[in-house]
Amino acid sequence: MTSVAGAPGTADSAGSPEPVGERRFSETLHFARRNPKLLIGLGIVLTFLLLGIIGPLFIGHDPNEYVGPQTQPPSGEYWFGTTTFGQDIWAQFVYGLRSTFLIGVFGGGVAFVIGTAVGFVAGYKGGIIDEILNMITNVVLVLPAMVVLIVAIAYLEARGLFVQGLFIGLTSWPWAARAVRSQALSLATRDYVDLARLSGRRTWKIITTEIAPNMSSYLVMSFILLFGGAILIAAGLDFIGLGPAGGVSLGLMLQSASQWSALQLSMWWWFIPPGLGITAIVGSLYILNVGLDEVFNPKLREL
Amino acid sequence: MTLRVNDLKVYYQTLRGDVRALDGVTFDLADGEIMGLAGESGCGKTTLGKSMIRLDSRMRHVGGTIELNGKDVPIADDDAMVPLRYREISLIPQYAMSALNPTRKIGRMVNELLRARGVRPADIADELNRRLELVGLDTDVLNRFPIELSGGMKQRVVMVISTLLDPSLLIADEVTSALDVSTQRAVAESMVEFRDRGYVKSMIFVTHDISLVYQMADTIMVMYAGHIVEKAPAATIINEPKHPYTQMLIGALPEVGSTMVQGRLEGIPGTPPGLLNPPTGCRFKDRCPMAFSKCSEQPPLVEIEPGHWAACWKTG
Amino acid sequence: MLELSQVHKVYKVGAFGGGRLRAVRDVNLTVEPGEVVSLIGESGSGKSTIGKMVLGLTRPSSGRITFEGTDITTIRGHSARKEYYRRVQGVFQDPFSCFNPIFKADRVFEMIHTSYFPRTSDADWRDKVLDALATVRLDPGNVLGKYPHQLSGGQLQRLLIARALLLDIKLLVADEIISMLDASTRIDVLNLLADLKERGLGILFVTHDLSLGNYVSDKSVILRKGAIAEMGPTARVFDNPLHPYSRHLLSCVPQLHRTWAEVDAELKANPPEDVTLPTAPDEESAPLIEVEENHFVGIDQG
């Protein structure tokens, strides 16, 4: 007997012509449009993303090229000023944004793919497979990721953006795996999953069509957190000098600013833009995440 | 007369309008009466039980009165209800046993509850122990956590706690539904015992299981789609139901001893009407084989013989 | 057709898997074509676990479950498993949780279509679905194209039975399929099972409700703590219960026309004869004694 208070009779609901899919979507949109956290977070991230995509198109020279007078504060010609060597900091900044987003998408993406795959298989299959995957997850989780990265990247010949992203991805998936596993574990015991098994569906199909759609908001959030995490790790690596050789990134800008004593020389225009850029992107991603949580989780909507 | 409910209307507010869960309910409950309140899901039986103790935020008191021991029960006024709850009217809600806080020992929970009602736990400790023993529990349960008790034990603890201050009226909502048959019998029998000993004066036992309520109730009231369809002594409802809905409902129940080979039972075709825009007249008319033109007017609940009330034009 | 022999299921429990919970203990039973077998038991009796093992959703710890001669615990690989489900299907307790809430309800039919009948054209498939819906007495206009929350529990449960009928099944495992339904629609689903039985289907009917078990089945199996307490033709088990546990259960069932007091008085007036129960030589086995033809009693577990 499911006597849900306030839902007497079934004829009411049977009579409603509105399909649930559409209703869900419009409902989500309704809450999304009214969520300041989501809008602010999304606004900041998109602004930086656009800067990173469009900005470099208007810059006719290599960001590391010595183009102007040395040690100039921001001016009409050089918006963010120049470095001790006369490099255009604005050019470095927009190129740096581009590579920061790339590392976020690539590093976060690798971590997301590995993490969710491991999480889904462990949560769905259970038993010995779960135990093995869990063990691997825990081992990777307790490895001091930064140290591994430093060692691995320091010995690498080619230090490109994608290699860096790959290594970040390979070390940061475990918590995503654990989060996805616990969700999948609870969804895997639902009757409709059993029913899909009885309908002769293969495991991966059950995971992708029965379980994953029911935790889509959760997955989006995991990706955002991994994305932000990858940006931070990359910035850290760049800062200690293990960034992509010959490239440009916000972390590398910080590194050279610190290397050439920008702080001591009061060249604030050198370290503020990259520092603020990283903080703003990661910060607004987290705010965005909280906003998404409120939009997708009906329990938080009322707050 | 312990309880007198007169034309009670309680609606649920939803985005699409009012759901008329309780649409004009009138009945009396005599001193010492155990009334079984039966009906299908969504018929309003749980709403009726809840209305008598606390309206939640979505429920709205639209009309009608409740009188307990001759005094008006101000159900729409939440603050005025506070002194009545637990002392005069007590409710064991559905799933009460899973609502016990898992991190508190039972005894501590009882003490907190009593203090919140201005009662010193020490004054009542003896009575508490006596009643626990009466329902077959060791007084040691007070030192245990809810998780250490079985479903039947928890349900009995909840029962003892909610009747500790000897309320006039106890409303028990599906208290035995989640229990195994043998525990179900024990719990049901202790409820009758509580009434016999005067721990509670009268009781409304809400359930979907008519054969269970027949075992313990003095009277049975059947609800359908927010209305009362029939109320009569338990044996009369089972053996000589007058309302077509009650007849069909009882006819649809298989019991031990009846097999398909001996004769198939039939269900009631169709589904109950939605209560957002309920049909006018008798709400059962669309599923009723005996419906005729008059059924488009709402039949009143009339006493067809002493103590037997029914709302049907064919029985009146 | 279906035969369980010496089936055990032991779960590891406790923080480090140190504890053992014997959910099913030495169960032997058979289901023949056109036979309805009720597995009756209270919570913790292992009845649902047996249903799940027959459906291959969990594995027995030991013992054999054979279906038409093949031991299903040895089925390996996706295609063999799929073939098994072509002939054995299940319907579960909670119809609401059997439907993925974000999809339309008739998707359960479409899954069968794509998995088992990929070559059947959409038009032919539609005819087949309409046929199955007619068998479970559902009006297609009322149920097709709807989302699960727009349908009632009874309608959903019948959709699930219709789904099973789309396959050429021989055995249906019905796990508490009517306990969530309202009294007025319950009986129709039970009667539907009877129609299926007449078509030669074997049904394993798992229930906690003795009156339902009695109404629908040819053979009843009363389970307690994972072991069989009593097993036999339904009429004999209910008219002449032999095991003290079965007698106790029957005396506790609320009946419509007899009160508990009447039942007790009757029992007192004609106390049933004691039956010698088998004793278990160890913790694991649960032998049965055949007291009369096909009517068995099991061990006493206190």
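How many bridges join strand S1 (residues 2-13) of chain C to strand S4 (residues 62-67) of chain C, and do the two run parallel or antiparallel? I looked this up before anything else. I found five bridges, and the two strands run antiparallel. A reminder to myself before going on: this is a predicted model.

**Entry: the open sheet in chain C**

I picked one residue pair to see the pairing up close. Glu3(C) has Thr66(C) as its bridge partner in S4(C). Next I wanted the whole sheet around this pair. It is an open sheet of four strands in chain C, with the order S2-S1-S4-S5 and antiparallel pairing. Then I asked myself which strands stand at the edges. They are strand S2 (19-31) and strand S5 (70-71) of chain C. Each has a single partner strand, so one side of each is left without a neighbour in the sheet.

**Entry: a covered strand in chain C**

I moved along to strand S8 (residues 202-207) of chain C. Is this strand mostly covered or mostly open? Mostly covered, I noted, since six of its six residues count as buried, a label that needs 20 or more other C-beta atoms within 10 Å of a residue's own. I checked the two faces separately. On one side sit Gly202(C), Leu204(C) and Val206(C), and on the other Ile203(C), Phe205(C) and Thr207(C); all are buried, and both faces are covered.

I then looked for the partners of S8(C). Strand S3 (residues 36-40) of chain C is joined to S8(C) by five bridges, and the two run parallel. Within this pairing I wrote down Val37(C), whose bridge partner in S8(C) is Leu204(C). Strand S7 (residues 171-175) of chain C is also joined to S8(C) by five bridges, again in parallel. Here Ala174(C) has Phe205(C) as its bridge partner.

What lies between S7(C) and S8(C) in their β-α-β unit? It is helix H7 (residues 183-198) of chain C, and the unit is right-handed.

**Entry: chain B as a whole**

I stepped back to take in chain B. I counted nine helices and twelve strands in its secondary structure. Its C-alpha trace spans about 65 × 50 × 40 Å along the principal axes. Why call the chain compact? With 316 residues, a compact globule would have a radius of gyration near 20 Å, and chain B has 20 Å, which agrees. Of its 316 residues, 49% count as buried. Of the contacts in chain B with a separation of 6 or more, 65% are between residues 24 or more positions apart.

I also checked the record: an unreviewed UniProt entry annotates residues 3-250 of chain B as "domain: ABC transporter". In the model this span is 34% helix and 28% strand, and its end C-alpha atoms lie 27 Å apart.

Chain B has an open sheet of four strands too, in the order S2-S1-S4-S5, with antiparallel pairing. Strand S2 (17-29) and strand S5 (71-72) of chain B stand at the edges with a single partner strand each, so one side of each has no neighbour in the sheet. Strand S4 (residues 59-68) of chain B pairs with S5(B) in the antiparallel sense over two bridges. I noted that Glu67(B) stands opposite Asp72(B) in S5(B).

**Entry: chain A**

Last, I looked at chain A. The unreviewed UniProt entry annotates several stretches as "transmembrane region", including 136-155 and 267-292. Residues 136-155 of chain A are 85% helix and 0% strand, with end C-alpha atoms 24 Å apart. For residues 267-292 of chain A I read 96% helix, 0% strand and 38 Å between the end C-alpha atoms.

Chain A also touches chain C: 23 residues of chain A are in contact with 26 of chain C. Helix H9 (191-198) of chain A gives the largest share of the chain A side, seven residues.

Methods
Residues are numbered from 1 along each chain as its sequence is written. Chains are lettered from A and ligands numbered from 1 in the order in which they are written. This is a predicted model: local features need pLDDT of at least 70, side-chain atom pairs count only at pLDDT 80 or more; totals for chains, interfaces and linings use all residues. The radius of gyration is taken over C-alpha atoms; the globule rule is 2.2 Å times the number of residues to the power 0.38. A residue is buried if 20 or more other C-beta atoms lie within 10 Å of its own, exposed if 12 or fewer, and partly exposed in between; C-beta atoms are placed from the backbone. Two residues are in contact if their C-beta atoms, placed from the backbone, lie within 7 Å. UniProt positions are given in the numbering used here, feature names are shortened, and annotations may be inferred rather than shown by experiment. Two strands pair if DSSP finds at least two bridges between them. A crossover is right-handed if, with the strands pointing away from the viewer, the path from the first strand over the helix to the second runs clockwise.
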